[in-house]
Amino acid sequence: MKPLHPKIFSGPISFLKSAPQLQFLPDPVAPEIAFAGRSNVGKSSLINALTGRNGLARTSNTPGRTQELNFFDIGDTQNGPPLFRICDMPGYGFAKAPPKVVQKWRYLINDYLRGRQVLKRTFVLIDSRHGIKNTDEDVLEMLDKAAVSYRIVMTKADKVKTAALEATKEEVIAAAKKHPAAHPDLIITSSEKKQGIDELRRAVLEAVEI
């Protein structure tokens, strides 16, 4: 098989559907890449930067606004399934929502990550300003137990000074070494400055072809 090229992101990309529950998931006909992270980590902005589409994933100043699994088709679908799909997951952790709603989101995330056979890799986003929090650790441990391959991506690198970013990076690397399912290398990104976006694109395509 010929390796996929990062220029694929300049081709057809479209929103497929939202899934509020597992029974609404799209048919598992293409590899999937999931993006997970705390609310307000910059997940939607990173997906928009990754795909080069400013309005593809909905962004909001209100943490927790994404409440469903949102799927996007990458690649031409006229003659069959897309080359792969991106899943934008509900933010976990802090959210301005009733506890029962937050718990429902958590169950949806856990069940999808544990049971989706076409899921090739999860990218777990960590805010460069804050590092790994307890809610992040919970998700990393859950991914370890489910043997779901994941890679940590630090976001909003432009929002912190170089020394602070380096210190947080070392802390995240040390934490990642404790998790058997974690990819050993970090990706440091800034959606606003487009830092690390090319590296992230390559990582996504490598994961799809696993």
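This is a predicted model: local features need pLDDT of at least 70, side-chain atom pairs count only at pLDDT 80 or more; totals for chains, interfaces and linings use all residues.

Reader: What makes the length of helix H2 close to the expected one?
Author: Helix H2 covers residues 99–115, which is 17 residues. From first C-alpha to last it reaches 24 Å, and the expected figure is 24 Å.

Reader: Which residues of H2 are buried, and what covers them?
Author: Buried in H2 are Trp 105, Leu 108, Ile 109, Asn 110, Tyr 112 and Leu 113. Their cover includes strands S1, S2, S3, S4 and S5, along with helix H3. As a rule, an α-helix has 3.6 residues a turn, so residues three or four places apart point the same way.

Reader: And which residues are buried in H5?
Author: Ile 197, Leu 200, Arg 201, Ala 203, Val 204, Leu 205, Ala 207 and Val 208. What lies over them includes S2, H1, S4, S5, S6 and S7.

Reader: Why is H1 called roughly perpendicular to H5?
Author: The two axes cross at roughly 85 degrees and come within 9 Å. The label covers 65 to 115 degrees, so H1 counts as roughly perpendicular to H5. At the contact, Leu 46, Ala 49, Leu 50 and Thr 51 of H1 meet Ile 197, Leu 200, Arg 201 and Val 204 of H5. Sorted by class, that contact has 6 nonpolar, 1 polar and 1 charged residues.

Reader: On to the sheet. What is the strand order, and which strands are at the edges?
Author: It's an open sheet of 7 strands, ordered S1-S3-S4-S2-S5-S6-S7, with mixed pairing. The edges are S1 (13–19) and S7 (187–188), since each pairs on one side only.

Reader: How do you know that S2 is largely enclosed?
Author: Buried means under 20% relative accessible area. In S2, 6 of the 6 residues are buried, so the strand is largely enclosed by the rest of the structure. Glu 32, Ala 34 and Ala 36 point one way, while Ile 33, Phe 35 and Gly 37 point the other.

Reader: What makes S6 largely enclosed?
Author: Here too, 6 of the 6 residues are buried, so S6 is largely enclosed by the rest of the structure. Tyr 150, Ile 152 and Met 154 are on one side, with Arg 151, Val 153 and Thr 155 on the other. S6 (residues 150–155) pairs with S5 (residues 119–127) in the parallel sense over 6 bridges. Helix H3 (residues 134–145) packs on the sheet, touching S5 and S6, and its direction makes about 165 degrees with that of S5. Helix H4 (residues 162–176) lies across S5, S6 and S7, at about 165 degrees to S6.

Reader: Why is Leu 56 called buried?
Author: Its relative accessible area is 16%, and the cut-off is under 20%, so Leu 56 counts as buried. Leu 56 is in the loop between H1 and S3. Beyond its neighbours within four places in sequence, Leu 56 is in contact with Ile 13, Ser 14, Phe 15, Asn 48, Thr 51 and Phe 72.

Reader: Last one: why are Asn 40 and Lys 194 called partly exposed?
Author: That label sits between buried, under 20%, and exposed, over 50%. Asn 40 has 43% relative accessibility, so it counts as partly exposed; Lys 194, at 49%, gets that label too. Asn 40 is in the loop between S2 and H1, and Lys 194 is in the loop between S7 and H5.

Reader: What is the phi of Asn 40, and of Lys 194?
Author: Asn 40 has a positive phi of about 70 degrees though it is not a glycine, and the phi of Lys 194 is near 65 degrees. Most residues other than glycine have a negative phi.

Technical notes:
Residues are numbered from 1 along each chain as its sequence is written. Side-chain values use heavy atoms; hydrogens and water are left out. Two strands pair if DSSP finds at least two bridges between them. Helices (H or I, at least four residues) and strands (E, at least two) are DSSP runs, numbered from the N terminus. Contact means heavy atoms within 4.5 Å. Axes are lines fitted to C-alpha atoms, for helices over the stretch in contact, and angles run from 0 to 180 degrees between N-to-C directions. The expected span of a helix is 1.5 Å times one less than its number of residues. Buried means under 20% relative accessible area, exposed over 50%, partly exposed in between (1.4 Å probe, protein chains only). Angles under 35 degrees count as roughly parallel, over 145 as roughly antiparallel, 65 to 115 as roughly perpendicular and the rest as oblique. Ala, Val, Leu, Ile, Met, Phe, Trp, Tyr, Cys and Pro count as nonpolar, Asp, Glu, Lys and Arg as charged, and the others, Gly among them, as polar.
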